[in-house]
Amino acid sequence: MPVADSVLILPYVILFWIFSLLALITSLGFLFTKHQNLKLEIKKNAGLEEALEEKRHSFARLEDEFANRSAVADKSERALINILSDVKLKSSLLNEQQRFLEAVIHHIPDVILVKDAISKKITLVNRAAERFLGLSEHEIVGKTSMELLSSKVAKDVMAHDQEVLDSGEPGFIELEELQSKQGYRRLLKTIKVPIQNSGDDEDFLLRISEDVTEKIESEERFKTVVESAPNGFAIVDRHGRVTLINKKIELLLGRDRISIIGEEFESFFPDTLDSILEAFENGDSGSLQDRSFETRTSFFALTADNSKSLVEINFTPISFSSNQLLASVADISERKAAEAKLASFAIKLETQNNELEIANRDLDDFAYIASHDLKEPVRGIANYSNFILEDFGPNLPADATRMLETIILLTG
């Protein structure tokens, strides 16, 4: 090749090598960059592996924690089931106890009412309360005393209810008269008890009333009978004190009842305490339906003028009161005097009877002797009359014959 041509080609060769070198440098740069990126990727992948390993460990820990929590959850579930079973059992027992309590309340013979402390509305009643008011439970619950009782009675009841609630202490009513709007009139012995709950729970008022109408009326009838009785009557308590007398006792002792009631029975009728205690003892040993024990003893009664009257006292336990005796006092002074006179008369009569028996025996003896002495002449007359009739009968006149037959008939 000519030199001139070589000179012309040389720049191209140099350019070629320069471009080749640049291409090589570029390739090397690219390879270096790729190498660096690869190293970074390897480092990144290593970090990812570490992160993945950490994630694996975390996941394992989560699995362990999940297993532990599952076990705790299972245990909690079993505990919850046991608690629910226990609650169900206790709820069943509570319901059973509530039913039993309701049955007890309904069978109590006394009137039971429970009122809300604020509204004064009745929240609970028993069967005795239904009978007392003449209404059903549905007609009573939710109503106040103003709706069930007469206006005046209801005001008094509600005023006393409020007094008990304000005091916080039980209240007692020895005897109260209630009249419903239907006209039922009853006599009651009542206790009211405030039921105060803590916190936000409502307060209530419990009312328990004993219907003593029949008892009071029976006692009144008893007092009427005692007052009008022909004998003296007194009621004596367990301490031997007089609690009631009738007019006959006043007349017998010559004292008024104010000076007798409250005093010891033995101070007016000495030596009666043992009989009183014996009557109580025998009354206590018997049932309420069988109190037939009585003591009948003669005592002396000390009158106001310090004279003594002989009396007979019968002690009898009272059926409607276990703490009282009925003493029936009869003045037997006149009867004893009459009995003494009768005894004296009986003695005299017996003496006269004995004398009369002696006189009758003497008379019988005399009659026997007189009869014997008279029979002989009479028998002689009869015999001779027979002789005359036999010997001279046909010759005698008819009148003579008839007279002789009469003599024989009378002396035969």
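Me: Is F269 buried or exposed, and what is its relative accessible area?
Reply: Happy to start there, keeping in mind that this is a predicted model. Buried means under 20% relative accessible area. F269 falls under that cut-off, so this residue counts as buried, with a relative accessible area of 2%.

Me: How many aromatic pairs does a search of the whole structure find, and which residue forms a stacked pair with F269?
Reply: The search of the whole structure finds two aromatic pairs. In one of them the centres are 4.6 Å apart and the planes make an angle of 25°. Planes under 30 degrees apart count as stacked, so the stacked partner of F269 is F265.

Me: What kind of aromatic pair do F265 and F315 form?
Reply: Here the ring centres lie 5.8 Å apart, with 75° between the planes. Planes over 60 degrees apart count as edge-to-face. The pair of F265 and F315 is therefore edge-to-face.

Me: How many residues apart in sequence are the parts that the pair of F265 and F315 ties together?
Reply: F265 sits in the loop between α7 (247-253) and α8, while F315 belongs to strand β9 (residues 308-318). Because the two residues lie in these parts, their pair ties together stretches that are 50 residues apart in sequence.

Me: Which residues form the aromatic cluster, and what are the relative accessible areas of F265 and F315?
Reply: One aromatic cluster is formed by F265, F269 and F315. F265 is buried, with a relative accessible area of 1%. F315 is buried too, and its value is 0%.

Me: Where is D271, and what is its phi?
Reply: D271 is in the loop between α7 and α8. At a relative accessible area of 61%, D271 is exposed. Although D271 is not a glycine, its phi is positive, at about 65°.

Me: Which residues form a negative surface patch with D271?
Reply: One member, E278, is found in helix α8 (residues 273-285). E278 is partly exposed, with a relative accessible area of 39%. Together with D271, the patch is formed by D274, E278 and E281.

Me: Is K120 buried or exposed?
Reply: K120 is found in the loop between β1 (111-116) and β2 (122-125), and its phi is positive, near 65°. Its relative accessibility is 14%. Buried means under 20%, so K120 counts as buried.

Me: Which residues are linked with K115 in a network of salt bridges?
Reply: The side chains of K115 and D161 meet in a salt bridge (2.8 Å, N to O). K115 lies in strand β1 and D161 in helix α5 (residues 151-167), so this pair ties together parts that are 46 residues apart in sequence. Both K115 and D161 are buried. The residues linked with K115 in the network are D161 and K192.

Me: How many residues apart in sequence are the parts that E214 and R186 tie together?
Reply: The side chains of E214 and R186 meet in a salt bridge, at 2.7 Å from N to O. E214 counts as partly exposed at 46% relative accessibility. E214 lies in helix α6 (residues 213-228) and R186 in strand β4 (residues 185-195), so the pair ties together parts separated in sequence by 28 residues.

Me: How far apart are the closest N and O atoms of R257 and E250?
Reply: R257 is partly exposed, with a relative accessible area of 26%, whereas E250 is buried at 10%. These residues form a salt bridge, and the distance between the closest N and O atoms is 2.9 Å.

Technical notes: Residues are numbered from 1 along each chain as its sequence is written. This is a predicted model: local features need pLDDT of at least 70, side-chain atom pairs count only at pLDDT 80 or more; totals for chains, interfaces and linings use all residues. Side-chain values use heavy atoms; hydrogens and water are left out. Patches are made of residues with over 30% relative accessible area and no salt bridge: like charges are joined within 9 Å, nonpolar side chains (Val, Leu, Ile, Met, Phe, Trp, Tyr) within 5 Å. Accessible areas come from the Shrake-Rupley method with a 1.4 Å probe; for residues, only the protein chains shown count as cover. A salt bridge is a side-chain nitrogen of Lys or Arg within 4 Å of a carboxyl oxygen of Asp or Glu. Lys and Arg count as positive and Asp and Glu as negative; His and the chain ends are not counted. The place of a charge is taken as NZ of Lys, CZ of Arg, CG of Asp or CD of Glu. Helices (H or I, at least four residues) and strands (E, at least two) are DSSP runs, numbered from the N terminus. Buried means under 20% relative accessible area, exposed over 50%, partly exposed in between (1.4 Å probe, protein chains only). Rings of Phe, Tyr and Trp (its six-membered ring) pair if their centres lie within 6.5 Å; planes under 30 degrees apart count as stacked, over 60 as edge-to-face and the rest as tilted.
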